Amino acid sequence: MPDTIEVTKLTKTYGPVTAVNGIDFTVRQGDVFAFLGPNGAGKTTTTEILEGLRPRTSGEVRVLGLDPWSQGRELHRQVGVIPQEFRFIEKITPTEAIHYYGALFDTHPDAPKLLEQVALSDKANARFDTLSGGQKQKLGLALALVSEPKVCFLDEPTTGLDPQARRAIWQVIRTLKSEGRTVFLTTHYLEEAELLADQVAIINHGSIIARGTPEQIIEAHGGAERLSVEAPPSMAEYLKRSLPYPVQAADGRVNIEMREKGDALRILTAIEASGIPWKGFSTKTDTLEDVFVRLVGRMDEGEIKGTALA
Amino acid sequence: MRPRRILADLNIYARNYLRNPAALFFTLIFPIILITMFGFIFSNTGASSIKVPTVNLDHSSNESVQFLAALNHTGVVSIQVVSLAPGTNFSTWLGQNGNTVGLVIPAGFAQSYAAHRPVNVTAYVDPQDPTSSGFLQGALNGVANAYNLRAAGGQPVVGVQSSTVGSAVFKYIDYLVPGLIGFAILTSPMFSIAELVSSYRKDGLFRQLSLTPLTRAEWLVAKIIWYTFLSVISAVIMVTVGALLFHSTVRLSLGVIPFLIFGPFLFVSLGILAGSAAPTPESAAVVANIVTFPMMFLSGTFFPVSTFPPGLALIAHIFPLYYIIDGMNQVMLFGNATRALGDIGIVLVLGAILFVAGVYTFRWREK
Ligand SMILES: Nc1ncnc2c1ncn2[C@@H]1O[C@H](COP(=O)(O)OP(=O)(O)OP(=O)(O)O)[C@@H](O)[C@H]1O
Ligand SMILES: [Mg+2]
């Protein structure tokens, strides 16, 4: 499969601020690519450079083989975009907006079907300025689909949406993928990335600090599986003395890192033997979110450098 | 340029526009208020009339005084009888005193009239100021016609009515109608486009549009079509209200159409320029006002430029709206196609310059 998006040594500076610092990545055709990072990491900057909305300072960028900045007109017929803060003409309804985009892209969109897809049917004929933030966002997504794009750039499409609506959007993204379209997604919801993404990149301070499938990233940067019980810190003290495993106490819980599943039995035996009251045990592996928080935290404390990790 | 895209953009813009009560008020209701107000206040006074220094050589006979009074009643000219020292050349005197028109009533006017003998009053006109001379000639022809009719038919004729422009008596309202059409051509784009451009930019709407196949030129053309449509509507309203309420005799003719198209073309472009130059929607409104207000008052909108003091009349010539209103006067009142052609030429050249400058400064994405 050819790469739909190719980014090489991309850098973007705003005066003294380096928003994107020489990043590299590729997105394969048909993949859902999740671009993660804390506020101000450089996600929107990168996304808008890929969309052809901003010029880059240096580096190479190709989307569908085109340079987004100088070949924007050609590119824009083939991509759908939902900007981070979608706005539209105030007194226009979603149905009218879809027909408008249809005329601009020379397609004949099925407005009721599109609106149903993004769970906005009930507001089909409401004026844009009367829509809630989440409803506006849904319209943005519907408009991004009007052109039947080969690539969709979705900058935080689910931010501010209720859980129901988020699931509707996830379904849209799955449908896009099943139709063979490429999706470039930014989000702050790590579980979303874990659920939807084939490939993930984590960016912080303009540098990519991790890249791969969600599983690869968790594997590479996640900790061991832990057994966790609700117990006072004295339990942690006791276990540290009696077990050969790392033990931490936090938020009224005690976490013990296991090496393998069988260790659980030995740990529980020790807990029971302590005579200290405890309840509610569970086991836990790192999620993408745990890894994300740890990586970003370590980078901000200066422990690791961007792009040193892959 | 794809017609489907232009029409789609026009459709969306029109819907949004029509759903905005304030915009509708300014487009449709406000001009009616203006024409009614100005019509009632100024129709029957000479407030806006052209001063015509007049020498009455008929020793102020009854007939000559009445003839001059009839001219005054047209509301277009204001007769000011002067007496000159013997031997003064009237034409020279007029020029020295900054007048572009003058009138002489010959000796024996009353006698000739009573005897139904042809008698000529002499109008002095300056070819450099065809508007004033047009006004004077129009008023003279009209009143003279009325007199002839009365003398010939032996019946008193009250007021003058005529359908041919050349001999019509122009009333204030007849100048107000083209003036207010010009007002609408100027204000409806200027008061919305500049702010619109600035707020579309702030809200990121232009960036979004830049991701569609719609081009800036197509977007602009859609706006020009919309404001042309609005000017046609206001032209129809003005002419209708003028005729119904104030018996104005001006009518729409094909010659007005170029002004209804190229006027909005010019001012939409100027609005784009103002909106692109201003950093915020608020300052865009201020910039638009600074450009619009002087032009609105000094281009002959409410009063013919020929009634302005000479300095102000000169300033009027720097405003594009002056040429639009003057041109519409030439077409609708005086039937002076040559001069109207000159006016539309100026409007076209200015409009083209502003359009190119507008497209050039008008950016949809950051540089
Ligand atoms: N137009 C601009 N001018 C100057 N600095 C900018 C501009 N746009 C972004 N920045 C800076 O670039 C950095 C990256 O911003 P960007 O919008 O790409 O972050 P982001 O990852 O999308 O954040 P968020 O999650 O909050 O949307 C930030 O430090 C921001 O302040
Ligand atoms: Mg962002």
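The model is a predicted one, and all values below were computed from its atoms. In chain A, β5 (79-82), α3 (94-105) and α5 (133-146) each contribute at least two residues to the lining of the largest cavity. By residue class, that lining comprises eight nonpolar and five polar residues, with no charged residue.

Salt bridges were examined next. Over all chains, the structure holds 22 of them. In one, the side chains of A:Asp129 and A:Lys91 meet, with an N to O distance of 3.1 Å. This pair links distant parts of the chain, 38 residues apart: A:Asp129 lies in the loop between α4 (111-117) and α5 of chain A, whereas A:Lys91 lies in the loop between β5 and α3 of chain A. A:Asp129 has 34% relative accessibility and therefore counts as partly exposed. For A:Lys91 the relative accessibility is 19%, so this residue counts as buried, the cut-off for buried being under 20%.

Helix α3 of chain A also takes part in a contact with chain B. The side chains of B:Arg15 and A:Glu96 form a salt bridge at 2.7 Å, N to O. Because B:Arg15 belongs to helix α1 (residues 3-18) of chain B and A:Glu96 to helix α3 of chain A, the pair joins two chains. The two partners fall into separate accessibility classes: B:Arg15 is partly exposed, with a relative accessible area of 34%, while A:Glu96 counts as buried at 13% relative accessibility.

Within chain A, a salt bridge is found between A:Arg181 and A:Glu179, whose closest N and O atoms are 2.9 Å apart. Here A:Arg181 is buried, its relative accessible area being 18%, and A:Glu179 is partly exposed, with a value of 45%.

Chain A is divided into two domains. Domain 1 is made up of residues 3-78 + 149-220, and domain 2 of residues 224-284. Taken over C-alpha atoms, the centres of domain 1 and domain 2 of chain A are separated by 40 Å. In helix α1 (residues 43-51) of chain A, nine of the nine residues are buried, so this helix is largely enclosed by the rest of the structure. The buried residues of α1(A) are A:Lys43, A:Thr44, A:Thr45, A:Thr46, A:Thr47, A:Glu48, A:Ile49, A:Leu50 and A:Glu51. A:Gly52 follows α1(A) and has a positive phi, near 85 degrees.

The secondary structure of chain B amounts to 14 helices and four strands. Of the 367 residues in chain B, 50% are buried. The C-alpha trace of chain B spans about 80 × 40 × 30 Å along its principal axes.

Strand β3 (residues 101-105) of chain B is largely enclosed by the rest of the structure, because five of its five residues are buried. B:Val101, B:Leu103 and B:Ile105 point one way from this strand, and B:Gly102 and B:Val104 point the other way. β3(B) pairs with two other strands. Strand β1 (residues 50-56) of chain B runs parallel to β3(B) and is joined to it by three bridges. In this pairing, B:Val55 stands opposite B:Val104. With strand β4 (residues 122-125) of chain B, the pairing of β3(B) is antiparallel and involves four bridges. B:Leu103, one of the buried residues of β3(B), has B:Ala123 as its bridge partner in β4(B).

Technical notes:
Residues numbered from 1 in each chain as written. Chains lettered and ligands numbered in written order. Predicted model: local features only at pLDDT ≥ 70, side-chain atom pairs only at ≥ 80, totals over all residues. Heavy atoms only, no water. Domains from an automatic or database assignment. Buried < 20%, exposed > 50% of the residue type's maximum accessible area, 1.4 Å probe, protein only. Pairing = 2+ DSSP bridges. Nonpolar A, V, L, I, M, F, W, Y, C, P; charged D, E, K, R; others polar. Salt bridge = Lys/Arg side-chain N within 4 Å of Asp/Glu carboxyl O.
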